[in-house]
Number of protein chains: 2
Amino acid sequence: MKLATLKAGGRDGTLVVVSRDLSLCQRVPAIARTLQAALDDWHTSAPQLEAVYLQLNAAGSAGNISAAEPFLEADCHSPLPRAYQWADGSAYINHVELVRKARGAELPASFYTDPLMYQGGSDRFVGPRDPIAVLDEGWGIDLEAEVAVITGDVPMGVDAAACAGAIRLVMLVNDVSLRNLIPGELAKGFGFFQAKPASAFSPVAVTPDELGAAWHDSKLHLPLQVTLNRHAFGKPNAGDDMTFNFAQLVAHAARTRELAAGTIIGSGTVSNKQGGLHGSSIEHGGVGYCCLAEVRMYETIEQGSPSTPFLRYGDTVRIEMLDNAGASIFGAIEQAVAPYQRSI
Amino acid sequence: MKLATLKAGGRDGTLVVVSRDLSLCQRVPAIARTLQAALDDWHTSAPQLEAVYLQLNAAGSAGNISAAEPFLEADCHSPLPRAYQWADGSAYINHVELVRKARGAELPASFYTDPLMYQGGSDRFVGPRDPIAVLDEGWGIDLEAEVAVITGDVPMGVDAAACAGAIRLVMLVNDVSLRNLIPGELAKGFGFFQAKPASAFSPVAVTPDELGAAWHDSKLHLPLQVTLNRHAFGKPNAGDDMTFNFAQLVAHAARTRELAAGTIIGSGTVSNKQGGLHGSSIEHGGVGYCCLAEVRMYETIEQGSPSTPFLRYGDTVRIEMLDNAGASIFGAIEQAVAPYQRSI
């Protein structure tokens with residue numbers, strides 16, 4: 001099934017069930033007012049939400065559900081407008097290899113067996129059509145197109161097989177990074193903080209069964225479409241070159257502590273292995289990139305320095321994934337970079 | 001005023017107003033069912049909660065409030081059983097200086113002007129009387145006794161003066177660390193994750209005004225009492241040697257993103273400057289320590305290697321703060337280390 005959160009109704013928004021074709025939605029206050037509430041009691045709520053989903057799909061074509069309303073992606077917040085946990089892995093090691101290669105460093109062998117993961121801020125995500133609001137254009141604003149999952153409760157120390165079954169929902173994310181703040185912050189030793197402003201998630205989150213054959217081995221085997229200022233920028237397959245699958249990432253997060261329902265675990269920037277700068281861009285026949293840093297690393301490795309600039313005010317980013325029939329699965333993240341306007 | 005959360009009533013518990021002397025409490029479902037709900041709408045809820053607090057204190061001595069019930073710290077969860085953000089600073093630079101000195105490294109000058117802060121897990125805190133549950137006794141289990149604040153909404157990029165006014169509540173925290181996992185994790189460059197299991201907070205959170213003269217310059221000027229296996233272990237003054245006050249820590253967190261109401265910001269391990277190993281322990285006339293790592297660093301610096309062991313199963317930790325009249329302000333965190341028992 002497909003779920004989304006409308007911006008109406010307070011900080012956590014209003015949960016709706018969305019039809020498969022993203023044309024209709026239905027509020028479900030008798031089942032759960034918010035997605036977090038549904039996740040808190042998933043074993044009870046999921047079958048009831050599923051029943052609404054089936055009705056919505058069946059009747060949608062006949063146009064005869066009075067409780068349904070048109071679904072507009074522009075009305076959506078991120079599926080969880082705020083969450084109790086957002087932890088982002090870096091499962092596409094190709095991306096990490098390029099980072100290291102660009103600065104002439106070796107990749108430790110442990111990176112192939114022990115996932116990288118950072119704890120992100122989750123108190124205030126932005127909606128999929130909200131601006132990427134920054135105070136300083138010079139901070140090196142970059143997109144990071146990724147896949148993310150939302151888990152149920154996960155006990156401490158369980159293995160990846162158990163974690164696979166705890167994956168409740170799948171969605172897309174734009175994990176915005178402020179690249180020019182990263183070196184100073186990592187040098188301090190405590191990881192990212194200011195370099196990671198608020199992330200935005202796709203309008204719709206879907207259950208793994210909804211993905212059919214595209215979801216197997218706890219990976220999502222479809223191209224992630226990234227558009228930059230209306231030009232195709234990336235289309236790597238999220239199922240390729242993913243060194244750690246989502247079950248392994250969840251198990252990593254749960255090694256020393258329990259994870260509570262509603263925990264979001266990200267894949268890290270999707271990245272496929274390509275030969276080099278020539279041929280890796282979409283216009284030269286490659287699969288392109290899911291962040292600007294990646295093309296800048298190719299440029300650094302081959303040309304000595306990066307030439308592609310980071311995002312500036314007014315630039316637009318679109319992130320979407322289509323099924324094999326060309327239909328949007330999660331709706332689109334579509335954000336423009338803008339100067340921060342105080343809202344709270 | 002003083003607020004606490006009883007374990008009854010679901011994942012977020014039940015908000016109660018607590019009398020100043022911690023003898024009575026009162027549920028306030030007509031105002032807010034949970035502390036997060038109160039924080040989400042603080043300008044409305046705070047005056048109403050304050051009115052209950054005044055009644056409770058006045059009538060407590062007369063024993064004539066029917067809605068009041070005895071307050072038992074053992075019934076409490078952490079004030080926010082789960083939170084949307086928990087970010088922990090390292091404001092007592094003495095602690096960081098010792099860490100560096102013990103490994104023969106210099107402290108960068110920027111550490112005195114740019115706070116260290118890491119993003120912690122907040123999806124599932126443990127209660128103040130719950131065990132420190134770990135899977136492996138060999139992970140180097142350490143307490144970290146700290147002060148923490150809960151903020152309201154904070155706009156992006158505001159200065160410390162504005163942040164001072166956004167501090168809603170003050171509490172204590174035991175930020176448990178798994179010391180033997182830290183070196184490997186920090187070497188990966190993404191900061192702490194597995195090295196930081198679930199934290200526990202004091203039974204009671206209090207508004208800054210409740211602290212009177214002990215709260216000024218956005219610091220809490222009272223000794224933090226730490227007891228290890230029923231022996232006094234630390235009593236450093238949390239107002240001394242705090243290089244960054246809470247307003248500055250909040251401003252650091254808000255530099256590139258908005259902070260949502262209910263954000264918890266920690267001070268880092270409280271640590272006062274002392275001469276060295278001899279004389280720094282309480283039994284030798286010092287103020288002692290708020291974590292085992294600190295005495296181990298003195299031992300390393302002066303004796304070549306640490307001799308004080310980390311915590312083992314069965315060890316107990318108590319963290320409390322008394323006002324100038326000797327009364328407990330926040331109630332006590334009192335935890336025993338225990339093997340993890342699956343509960344979810």
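Two strands pair if DSSP finds at least two bridges between them. Helices (H or I, at least four residues) and strands (E, at least two) are themselves DSSP runs, numbered from the N terminus. This is a predicted model, in which local features need pLDDT of at least 70 and side-chain atom pairs count only at pLDDT 80 or more, while totals for chains, interfaces and linings use all residues. Residues are numbered from 1 along each chain as its sequence is written, chains are lettered from A and ligands numbered from 1 in the order in which they are written, and side-chain values use heavy atoms, with hydrogens and water left out.

Start with strand S17 of chain A, residues 225-228. S17(A) runs antiparallel to S20(A), and 4 bridges join them. Here Leu228(A) has Val317(A) in S20(A) as its bridge partner. S17(A) also pairs with strand S18 (residues 231-234) of chain A, again in the antiparallel sense, over 3 bridges. The hairpin of S17(A) and S18(A) has 2 residues between the strands, and Asn229(A) takes a positive phi near 50°.

In a regular strand the side chains alternate between the two faces of the sheet. In S17(A), Val226(A) and Leu228(A) are on the covered face, whereas Gln225(A) and Thr227(A) are on the uncovered one.

Now turn to charged side chains. A salt bridge is a side-chain nitrogen of Lys or Arg within 4 Å of a carboxyl oxygen of Asp or Glu. Over all chains, the count is 36 salt bridges. One of them joins Glu97(A) and Lys273(A), at 3.3 Å from N to O. Glu97(A) lies in helix H3 (residues 93-102) and Lys273(A) in the loop between strand S19 (264-266) and helix H7 (292-303), so the pair ties together parts of chain A that are 176 residues apart in sequence.

In chain B, Arg20(B) and Glu210(B) form another salt bridge, with the closest N and O atoms 2.6 Å apart. Both residues lie in loops, Arg20(B) between strands S2 (14-18) and S3 (24-27) and Glu210(B) between strands S14 (204-206) and S15 (215-216), so this contact ties together parts 190 residues apart in sequence. How does accessibility describe the two? Buried means under 20% relative accessible area, exposed over 50%, and partly exposed in between (1.4 Å probe, protein chains only). Arg20(B), at 45%, is therefore partly exposed, while Glu210(B), at 16%, is buried.

Finally, a network of salt bridges links Arg11(A), Asp12(A), Arg82(A), Asp40(B) and Asp153(B).
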